[in-house]
Amino acid sequence: MRADIVIRNARVLACTGAPLIESGFVAVRDGRIAAVGPMAEAPATERNVDAEGRLLTPGLIDCHTHLVYAGSRALEFELRLSGASYEEIARAGGGIASTVTATRAASEDELLAATLARARVLLAHGVTTVEIKSGYGLDLASELKCLRAARRVGHELGIDVRTTLLAAHAVPPEFKARADAYVDLIVNEIIPAAAREKLADAVDAFCETIGFTPAQTRRVFDAARTHGLPVKLHAEQFSNQRGATLAAAFNALSADHLEYLDDEGVAAMARAGTVAVLLPGAFYCLRETTLPPIDKLRAARVPIAIATDHNPGTSPTLDAPLMMNMACTLFRLTPAEALEGFTRHAARALGLSMTHGTIEAGKQADLALWPCDSFAALCYPVGAVRPTQVFKRGSVGLAPAH
Ligand code: NIG
Ligand code: FE
């Protein structure tokens, strides 16, 4: 077998459900994984990387981020510390709306620069594929501007970016008390334009008392379907709106947050194959105390993904391994579940299962080499865990910027 590069002497965690290969190799050819197995079967090649016994995993996939925005919400952080709730701040015109003002005022190039800086930090933490949502523009031109900036991040860094149109994130100030009229704009103009310009890979909405009703969400999903775009949903974050059930009825790729998910929602997601994306960063920052129904999701065999939910309000983090630690500590996931949540199941939440998320022959050679030797060792430190080497499509040029 001809290989362009062989990574040798690695502890290979393929994230396929197969056991760890204690001393293994991964051979890469034309940017794809050509073979994986024990060292005894490693092919000879000229270019080798000696992993020196380190853990080799699939590159991490951050399947839920709001990476494109301008401004800061540090003031809101202080307000919440002195007792104001996220909902109160949102109803008073702060929260998402304040980021919208700053994002509308920024140029595409300014947004690109800010987003690139954030994406580089994700990459330094082992992320080789990232989903980026719009949702801080909330008018036609500004939503498209954010999606364009997101697409450019992928081209600039050579990582895979999946874009999601989240025009239904909040009702913008010019539509105050006219949410249905804003949904008209989303359905009649924003979704068609994003689809026409091929700027969105999926459509998302925030189904919540401070977001959009299930009926409004359904209209957004209908329009997405008309334009051939898969859907995802911010569901059951603060209250049970039966959003996950609605999302499952549209065969959603994922329903995300889910602290207030009910049994019917679990069953509907299981039937539809909708991934549960859990977001421990937002849970932590909002000091939430209601846990997502992990045991019920497990029992129903709903795939569980983990993501950073990077956003300026409820989850200002770019530390993917820290989210795995929090998924274990706060949600009681096992370290193996946490890593599969950031690889295999995250790929599925983006519709990328065929090409991403596991170390298997034929898949894209997106890999991360970690300075540790087991699932547990990867998840147990609280912060400061970074890969020593990241490979994107087999390219070793992507040395993390420490
Ligand atoms: O995923 N829940 C709504 N959207 C974001 C928060 C956005 C913001 O506060 O800016 C989330 O937590
Ligand atoms: Fe979010």
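This is a predicted model: local features need pLDDT of at least 70, side-chain atom pairs count only at pLDDT 80 or more; totals for chains, interfaces and linings use all residues.

Tutor: Let's start on the outside of α3: the face turned away from its buried side carries T101 and A105, both exposed. Within α3, which spans residues 96-105, the buried residues are I96, T99, V100 and T103. Around the axis they cover an arc of only 105 degrees, which puts them on the same side of α3. The general rule behind that is simple: an α-helix has 3.6 residues a turn, so residues three or four places apart point the same way. As for what sits over those buried residues of α3, the cover includes α2 (86-91), α4 (108-124) and α5 (140-157).

On to ligand 1. It has 15 residues around it, and the ones that come nearest are R73, Y86, Y136, Q237 and T314. Several polar contacts can be picked out. A side-chain N or O atom of R73 is 2.8 Å from an oxygen atom of ligand 1. For Y136, a polar side-chain atom lies 2.6 Å from a ligand 1 oxygen, and for T314 the corresponding distance is 2.7 Å. Taken alone, ligand 1 exposes 330 Å², and the protein buries 100% of that.

Last stop, the iron ion (ligand 2). Its coordinating atoms come from H64 (NE2), H66 (NE2), H234 (NE2) and D309 (OD), at 2.1 to 2.4 Å. Along the sequence those donor residues follow the spacing H-x1-H-x167-H-x74-D. H64 counts as buried because its relative accessibility is 0%, and H66 is buried too, with a relative accessible area of 2%.

Note on methods
Residues are numbered from 1 along each chain as its sequence is written. Chains are lettered from A and ligands numbered from 1 in the order in which they are written. Side-chain values use heavy atoms; hydrogens and water are left out. Buried means under 20% relative accessible area, exposed over 50%, partly exposed in between (1.4 Å probe, protein chains only). Helices (H or I, at least four residues) and strands (E, at least two) are DSSP runs, numbered from the N terminus. The arc is that of the directions from the helix axis to the C-beta atoms. Contact means heavy atoms within 4.5 Å. Donors are N, O and S atoms within 2.8 Å of the metal (3.2 Å for Na, K and Ca); water is not among the atoms, so sites may look incomplete. A residue is near a molecule or strand if one of its heavy atoms lies within 4 Å of it. A polar contact is a pair of N or O atoms within 3.5 Å; within protein, one must be able to donate a hydrogen and the other to accept it, and residues adjacent in sequence count only if both atoms are side-chain atoms. Accessible areas come from the Shrake-Rupley method with a 1.4 Å probe; for residues, only the protein chains shown count as cover.
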